[in-house]
Amino acid sequence: MAVRVAHVGTGNVGRLALIELVTNPLFELTGLCVSTPEKVGRDAGELAGVGARTGIAAVDDLDAVLATRPECVVYCAMGDTRIPDAMSDIMRILAAGINVVGSSPGLLQYPWGVMPDKYIARVEDAAQKGNSSVFITGVDPGFINDLIPFALAGTCQRIEQVRCMEIADYASYDGAEVMHYMGFGRPLDLPPGEAPMLLQPGVLTFAWGTAIRQLAAGLGVEIDEITQSIQREPAPEDFDIAVGRVPKGTLAGLQFEIRGMVNGYPAIVIEHITRLRPDLRPDWPQPAAGGGSYRVEITGEPSYAVDIVPSSRNGDHNYAAILAAAGRIVNAVPAVVAAPPGIRTTLDLPLIPGKGLFAPTGLVTT
């Protein structure tokens with residue numbers, strides 16, 4: 001029997017999640033909520049770009065979507081820049097007795113030790129009231145920082161360090177809001193009050209602290225502190241990317257690390273290397289293939305260096321990575337519906353193997 005699912009948000013991740021919700025017979029779409037006025041009234045199939053009508057018209061009223069009585073809401077509204085609103089939405093949905101799987105707010109990926117306990121308690125109270133559960137995930141923060149390293153760690157006899165890396169060219173990334181708060185195309189010498197949101201003091205440790213804390217919990221490690229470092233590279237000249245022009249001297253390359261420290265040693269490290277041109281900072285790590293890849297390194301016995309290169313027939317590495325985030329979210333719906341009430345994490349859920357996804361497009365020959 002299909003799971004009744006409503007959907008919120010049709011941005012970069014949300015639109016790709018919606019594709020699976022309207023094409024996979026494991027799901028029955030009951031409603032669609034959007035925030036852009038121009039999308040209101042349009043059919044979900046049209047907004048997903050699948051070329052087929054579903055009979056579900058987009059609305060801008062969350063309560064109207066909840067009234068369709070879904071078992072789960074796939075929540076892909078922007079949460080990074082509207083954390084209080086996103087948290088309020090999640091608690092409304094949970095209290096209404098509806099499960100949530102989504103991409104935001106990212107703090108709910110693993111909030112313990114990151115969010116104040118009183119805010120965690122409010123989410124847990126809403127979940128207990130509605131007998132519902134919530135699971136927030138993605139790529140990074142997401143399965144690159146939990147599912148993949150945990151799978152590898154489970155084969156080791158000793159672990160000294162876990163490092164998760166994203167190495168990508170973001171020139172083709174069509175997300176102006178995300179690019180803005182990362183600081184790309186903006187001056188490097190902005191005063192503190194005008195600095196990009198991601199580069200303000202403590203924001204990196206806050207945003208990726210959930211991933212650090214979850215890895216630590218899975219490995220049984222007690223983190224003493226979380227530290228961060230940032231390197232920036234200016235544009236050598238004016239050039240254009242998907243979201244507009246990058247003026248000479250503005251941010252065009254960014255490297256940062258977030259480290260979970262144990263007795264002064266970086267036991268867990270998350271590193272990002274983001275360029276807007278492949279020729280910038282050749283001394284920084286390069287992607288394993290194409291324009292972007294992820295790498296999970298475990299130093300121990302045995303040690304691992306695993307490169308993950310997302311690709312797609314319908315887009316480049318950035319598109320493929322977003323598609324992977326959407327897949328992880330939507331495919332988790334049945335497990336989250338079946339889970340006990342509360343905030344659920346990768347540590348709580350069973351392995352999600354991709355049941356029902358096999359759909360060959362033609363014969364494969366060797």
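## Accessibility and the model

A residue is termed exposed when its relative accessible area is over 50%, and buried when that area is under 20%. By this criterion N131 is exposed, because its relative accessible area is 59%. The structure discussed here is a predicted model.

## Overall architecture

The protein comprises 11 helices and 14 strands. Its radius of gyration is 20 Å, close to the 21 Å that the globule rule gives for 366 residues, so the protein is as compact as a globular protein of that length. The C-alpha trace spans about 55 × 50 × 45 Å along the principal axes.

Of the 366 residues, 49% count as buried. Among contacts between residues at least 6 apart in sequence, 70% join residues at least 24 apart.

## Surface and charge

The protein exposes about 16500 Å², and carbon and sulfur atoms supply 53% of this area.

Q161 belongs to strand β6, which covers residues 158-169. With a relative accessibility of 12%, Q161 counts as buried, because the cut-off for that class is under 20%.

The side chain of Q161 reaches the backbone oxygen of P266 at 2.8 Å. Leaving aside residues up to four places away in sequence, Q161 touches Y265, P266, A267, V269, E297, I298 and T299.

## Backbone features in loops

Most residues other than glycine have a negative phi, and most peptide bonds are trans. The following positions depart from that pattern.

The bond from D140 to P141 is cis, with omega near 5°, and P141 is placed in the loop between β5 (133-136) and α6 (147-153).

For N131, which is not a glycine, phi is about 55°, and the residue lies in the loop between α5 (117-130) and β5.

Key: Residues numbered from 1 in each chain as written. Predicted model: local features only at pLDDT ≥ 70, side-chain atom pairs only at ≥ 80, totals over all residues. Heavy atoms only, no water. Helix = DSSP H or I, 4+ residues; strand = E, 2+ residues; numbered from the N terminus. Rg over C-alpha atoms; globule rule 2.2 N^0.38 Å. Buried < 20%, exposed > 50% of the residue type's maximum accessible area, 1.4 Å probe, protein only. Contact = heavy atoms within 4.5 Å. Areas by Shrake-Rupley, 256 points an atom, 1.4 Å probe, with all protein chains shown as cover. Polar contact = N/O pair within 3.5 Å; in protein donor to acceptor, adjacent residues only side chain to side chain.
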